Amino acid sequence: MSDNILFTPFQLKRLTFKNRIGVAPMTRMSSPGESIPRQDVLDFLITRAKNGAAIVYTEAIITDYESAQGYPGQARMLTQRQIDAWQPVVKAIQHEGSVAILQMFHCGRMSWPEINPANRVIAPSPITPKQNNPLTQEPYPVPDEMTEFDIKHVINGFVETAKGAVEAGFDGIEIHGAHGYLINNFLSSYSNQRTDSYGGSVENRFRFAHEVIQAVHKVVPEDRLLAFRISNWGVADMEVSLFESKAEYQAIIKMLSKEPIDVISVSTYGYKDKAFGTDQNMAEITREVTDLPLMICGQIYDRASAEDALKSADIALSGKSILLNPNWVEDIRAGKQLPLYKSEEANIAYTDEPLP
Ligand SMILES: Cc1cc2nc3c(=O)[nH]c(=O)nc-3n(C[C@H](O)[C@H](O)[C@H](O)COP(=O)(O)O)c2cc1C
């Protein structure tokens with residue numbers, strides 16, 4: 001692999017990524033009221049495109065007004081006003097030759113009642129994470145076990161949000177299947193103990209993801225990308241391996257690869273970390289069983305780590321580094337010595353302080 005791989009374009013369907021570096025999806029909690037982010041939060045995304053990122057992800061956009069919200073002030077893409085607010089942002093990102101991708105998510109069991117207008121917390125099974133919710137300092141409430149009606153209703157939220165994203169002009173849409181949120185709750189036996197066709201075997205646990213992807217695919221035009229994000233860790237009970245083994249994780253990747261998606265985004269805590277007791281990292285384990293393009297994320301912070309991460313993936317996404325350093329892409333190009341930021345340093349993302 002050449003030293004210049006990071007700055008080599010990558011073609012995916014009609015889209016050319018101008019380099020291999022993207023802004024990972026980052027929730028900003030700046031959208032109380034109308035579920036439209038603050039202007040400086042939208043400007044942050046445009047600045048990152050201007051400063052060289054080939055791909056700019058939105059924060060996780062919540063898919064309904066019932067049970068999808070997991071954090072205060074999250075954004076939605078379900079009303080004309082929400083769509084109108086994003087349209088110029090998408091255009092500005094595209095004007096820089098960058099690609100705009102909207103991530104959509106339902107928080108599943110990672111919620112609490114008061115935060116959603118309908119006061120509901122729903123999940124595949126009535127099981128809570130073991131740890132307390134760091135935002136409320138309380139135990140997470142026991143979720144309602146989703147009925148077939150709930151499942152269809154939630155899928156409809158993903159579809160409606162995807163329609164909003166298409167209308168707003170996004171180049172791609174990502175289904176958030178990672179981090180212990182709803183889709184991930186279904187995939188993992190840690191949170192899914194259903195005995196119907198949505199639980200038990202890996203195939204059954206995959207069924208909800210399959211139905212979401214199939215339904216969303218129908219409303220996403222052929223010229224846009226459909227991405228799926230996956231992880232073996234969740235933001236609660238972070239130390240737990242959400243898949244039981246490499247074989248189980250790879251079975252899910254194989255099923256995903258048969259779906260009408262264009263790229264898999266693998267989220268890790270640290271891209272280098274060995275997984276499932278093997279001597280392989282998550283990108284290597286994923287690459288072994290899929291031909292789909294891969295994005296990788298987790299503690300990629302300087303040129304050497306970005307190049308190393310791309311040994312088994314096509315695109316490197318950054319969260320904290322690109323959040324805190326507006327010139328990160330150019331600093332990478334210059335091979336500058338750069339810091340590995342700590343999680344606490346990123347908390348500024350949730351404040352009113354505009355980021356440079
Ligand atoms: C402030 C902040 C908000 C985040 N919000 C999201 C999100 O909305 N969706 C998501 O999939 N990941 C989210 N993440 C995780 C990042 O996308 C990324 O996977 C993680 O920060 C690890 O990458 P890093 O080591 O480069 O920071 C968030 C991370 C940060 C720091």
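Predicted model: local features only at pLDDT ≥ 70, side-chain atom pairs only at ≥ 80, totals over all residues.

Q: Is Leu-226 buried or exposed?

A: Here you count neighbours: a residue is called buried if 20 or more other C-beta atoms lie within 10 Å of its own. Leu-226 is buried because 20 other C-beta atoms lie within 10 Å.

Q: Which residues is Leu-226 in contact with, leaving aside its neighbours within four places in sequence?

A: They are Ile-173, Val-216, His-217, Val-220, Pro-260, Ile-261 and Asp-262. As for distance, the C-alpha atoms of Leu-226 and Tyr-198 are separated by 23 Å, with the two residues 28 apart along the chain.

Q: What should I look for in the largest nonpolar core?

A: In soluble globular proteins, nonpolar side chains tend to be buried together. In this model, the largest nonpolar core has 100 residues, and Ile-55, Ile-101, Ile-173 and Ile-296 have the most contacts inside it. Take Ile-55: beyond its neighbours within four places in sequence, its contacts include Phe-17, Val-23, Val-99, Ile-101 and Ile-315.

Q: How do I read a helix, say helix 5, and which of its residues are buried?

A: An α-helix has 3.6 residues a turn, so residues three or four places apart point the same way. In helix 5, the buried residues are Arg-205, Phe-206, Phe-208, Ala-209, Val-212, Ile-213 and Val-216. Among the elements covering them are helix 3, strand 8, helix 4, strand 9 and helix 6.

Q: Where is the kink in helix 5 centred?

A: On Phe-208, with a kink of about 35°. End to end, the 16 residues of helix 5 reach 22 Å from first C-alpha to last, close to the 22 Å expected.

Q: What about a loop residue such as Asn-281?

A: Loops can be read with that neighbour count too. Asn-281 lies in the loop between strand 10 and helix 7, and it is buried because 24 other C-beta atoms lie within 10 Å. Its contacts, not counting residues up to four places away in sequence, are Tyr-271, Lys-272, Asp-273, Lys-274 and Ala-275.

Q: Which residues come nearest to the ligand?

A: Of the 22 residues around the ligand, Ala-24, Thr-27, Ala-60, Gly-319 and Lys-320 come nearest. Strand 4, strand 8 and helix 9 each give two or more residues to that shell, and strand 8 gives the most, with three. By type, the shell divides into nine nonpolar, 10 polar and three charged residues.

Notes. Residues numbered from 1 in each chain as written. Near = placed C-beta within 6 Å. Helix = DSSP H or I, 4+ residues; strand = E, 2+ residues; numbered from the N terminus. Nonpolar A, V, L, I, M, F, W, Y, C, P; charged D, E, K, R; others polar. Buried ≥ 20, exposed ≤ 12 C-beta atoms within 10 Å, placed from the backbone. Contact = placed C-beta atoms within 7 Å. Core = buried A, V, L, I, M, F, W, Y, C linked by C-beta atoms within 7 Å. Expected span 1.5 Å × (residues − 1). Bend = angle between axes of the 7 residues up to and from the residue.
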